[in-house]
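Trainee: I have a model open and I'd like to learn how to read it. Can we go through it together?

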Amino acid sequence: MDLDTHAEDLASDLGVDKEEVTTDLQNLVEYSVPIDEAVQSLRRKYGDGSTGGGGAPTTKSIGDITIDSSNVSVTGVILTAGKRSIRYQGSENVITEGEIADETGVVDYTAWEEFGLTPGDTLTIGNASIREWDDEPQLNLGESTSISKREESLEVPYEIGGEADLASLRTGDRARTLEVQVLECERRTINGRDGETEIKSGVLGDASGRLPFTNWDPVPEIEEGASIRIENASVREYRGVPEVNISEFSTVTPLETPIEVGEDAPEMEIGDAVSTGGVYDVSLTGNLIAVRDGSGLIQRCPECGRVIQKGNCRVHGSVDGVDDLRVKAILDDGTGTVTAILDDELTEAVYGGGLEEAREQAREAMDQEVVADTIREKIVGREYRVRGHLSVDEYGANLDAVTFEECTDDPVDRAHAFLTEVSP
Ligand SMILES: [Zn+2]
């Protein structure tokens, strides 16, 4: 259904002006409220007692809830509860999101009212509506939902509290608890929706990996070198990789014992790495099957740094290009491919010379393509291990290389090591 059809339904169900409902819906959707949530929220605003599904709720096991279920009542344990503020018609609304479980399964929930949901509590939730999110059912707790705490706690085969390590985090995760070390941290001024605002951003690390973070409401506990516990962190995608979000609702406490940070990036198959949608720090090994156009000696726009063609920047028009070196190489391990991007330093190492040598070679040949050709001859057909930041977006899967090393180990040894790894 599109927005207009929703507005029409709402207007006729609730007996209100369609234009008014349309404006309200547009406002909500503009602030990234999913359309179903927006509709529910307007039903509440205009005083429809039902939360959408209609009918008397049925008591269900969590494992039995499907996207086709109507209103349900469930008894389960709150695993996580994270607050988030969404803006609705100029004012902030605080919602609580997390997971609830019983012996049969786990389901995500969103609570639109303050119910005081606390991880570890066993609750009977009466009359929650079901909505669909990413093909999965979710519980919607609103005005017509009743909550009662059970004296006896339910035993569930799931961990309470949302403890996670960095490598296991995925975009969309909410209410996670992390123990990490702040590896890099800087203060930045950004243009937020309320004008200029200060944030902190940088990189977190633990034994499992590294991830970038943003601290939207800067706290002094987050500083370079500090080991901290973060409760109620969420994960969103930023520039093709997952990023830890630390908000005003997160709790940050310093830790006495420093958190160890692993030196090595996790090794993954290329297909697996790409299907996660982006990994901040990963090591991929594959055959270098091609060096793409736009490699070798290139020119960048002095204004924006974009690579230019024949002295023309896509944004700034005719400019005096600045020479640079880079390689865009396709790496393939049989499960997938990525484009590894080598900066000037890594390119110098594989080319065996710097800008001066590259310019000299191009002058002699009267063609700057010879630089890319030289690089092709050196690396195509060999096997490399590349560590870096993997981003996956509409531009494809790009691995921003931090290290680029030829695999010199004997293939027989590696096959051996692999077999030892997979056998029980
Ligand atoms: Zn430009």
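What follows is a chat about this predicted model, going from the whole chain to single residues.

Trainee: What share of the contacts with a separation of 6 or more joins residues 24 or more positions apart?
Mentor: A contact here means heavy atoms within 4.5 Å. Take the contacts in the chain with a separation of 6 or more, then pick out those between residues 24 or more positions apart. That share is 60%.

Trainee: Is Val319 buried or exposed?
Mentor: Beyond its neighbours within four places in sequence, Val319 touches Cys301, Pro302, Ile308, Gly311 and Cys313. The cut-off for buried is under 20% relative accessible area. Val319 has 16%, so it counts as buried.

Trainee: And how far apart in space are Val319 and Ile308?
Mentor: These two are in contact, though they're eleven residues apart in sequence. Going from C-alpha to C-alpha, the distance is 8.7 Å.

Trainee: Asn127 and Arg239 both have positive phi values. Which of them is buried, and which is exposed?
Mentor: Asn127, with phi near 60°, belongs to strand β6 (residues 122-133). Arg239, with phi near 50°, is in the loop between β12 (227-238) and β13 (241-246). Now check the accessibility: at 66%, Arg239 is exposed. At 17%, the buried one is Asn127.

Trainee: Last one: which residues of helix α7 are buried?
Mentor: The helix covers residues 369-379, and after it comes Gly381 with a positive phi near 95°. An α-helix has 3.6 residues a turn, so residues three or four places apart point the same way. With that in mind, here are the buried ones in α7: Val370, Val371, Ala372, Thr374, Ile375 and Ile379.

Note on methods. Residues numbered from 1 in each chain as written. Predicted model: local features only at pLDDT ≥ 70, side-chain atom pairs only at ≥ 80, totals over all residues. Heavy atoms only, no water. Buried < 20%, exposed > 50% of the residue type's maximum accessible area, 1.4 Å probe, protein only. Helix = DSSP H or I, 4+ residues; strand = E, 2+ residues; numbered from the N terminus.
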